[in-house]
Amino acid sequence: MNIDIPAGKDPISYVWGEMVPGIGIAASKFSMSVYTHTTLGLREFEAARLRIAQINGCAFCLDWRTERDGQKVEDTFDDAVTQWRTTDAFDDRTRLAAEYAERYALDHHGLDEEFWARMTAHYSQLEIVELSMCLGSWLAFGRLNHVLGLDTACTLTGGSSPTPRL
């Protein structure tokens, strides 16, 4: 870990809640909101989230799977996300979600008219804004946790939040 955590303190709670409560608590609420208020389908949501996790290298983000109403993506889903260009496991929306996540994280200046034509053919403007906000949350907070070395100590709680994969 790259931050000194007092003995007996939970690293995530300490850094996010005690060190910078004016920022960390608000950031935590935003982070959890992308799970509790999403309207996106589970497969496209997870394809985008996992692609960001793969790019960020966040250990916890790579290991958990979002659960909704007792449903999770299949165990091989992370492999399909890695191969989003060629996998036959994805429909157009799921493939676009993975592509958008990758381009958002690595080449946001390269999002051209051709890409937006494909996105708007499959996603409403509301869904594009929602997915963009989710991507921003995952990119920022996954990198923050990885850079500070917190990703190996990360745990989340609450309703439809991510559930660690066993």
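Met19 has a relative accessibility of 42% and therefore counts as partly exposed, since the partly exposed class lies between the buried limit of under 20% and the exposed limit of over 50%. This value, like the others reported here, comes from a predicted model. Met19 is part of helix H1, which covers residues 11-19. Together with Val20 and Ile23, Met19 forms a nonpolar patch on the surface. The accessible area of Met19, Val20 and Ile23 together is about 280 Å².

Salt bridges were examined next. The structure contains 12 of them. One of these joins the side chains of Asp78 and Arg65, with an N to O distance of 3.4 Å. Asp78 and Arg65 are both buried.

A second salt bridge is found between Arg103 and Glu99, whose closest N and O atoms are 3.1 Å apart. Arg103 and Glu99 both lie in helix H6 (residues 92-106); because they are 4 residues apart there, about one helical turn separates them. Both residues of the pair Arg103 and Glu99 are buried.

Glu99 also forms a salt bridge with Arg118, and here the closest N and O atoms are 2.7 Å apart. Glu99 is in helix H6 whereas Arg118 is in helix H7 (residues 113-122), so the pair ties together parts that are 19 residues apart in sequence. The two partners fall into separate accessibility classes. Glu99 counts as buried because its relative accessibility is 8%, a value under the limit of 20%. Arg118 has a relative accessibility of 26% and so counts as partly exposed. Glu99, Arg103 and Arg118 belong to a network of salt bridges that also includes Asp112 and Glu114.

The surroundings of Ser31 were also considered. Ser31 is located in helix H2, which runs over residues 21-36. The relative accessible area of Ser31 is 14%, and Ser31 is therefore buried. When neighbours within four places in sequence are left aside, Ser31 is in contact with Ser137 and Phe141.

Technical notes
Residues numbered from 1 in each chain as written. Predicted model: local features only at pLDDT ≥ 70, side-chain atom pairs only at ≥ 80, totals over all residues. Heavy atoms only, no water. Patch = residues over 30% accessible without salt bridge, like charges linked within 9 Å, V, L, I, M, F, W, Y side chains within 5 Å. Areas by Shrake-Rupley, 256 points an atom, 1.4 Å probe, with all protein chains shown as cover. Salt bridge = Lys/Arg side-chain N within 4 Å of Asp/Glu carboxyl O. Helix = DSSP H or I, 4+ residues; strand = E, 2+ residues; numbered from the N terminus. Buried < 20%, exposed > 50% of the residue type's maximum accessible area, 1.4 Å probe, protein only. Contact = heavy atoms within 4.5 Å.
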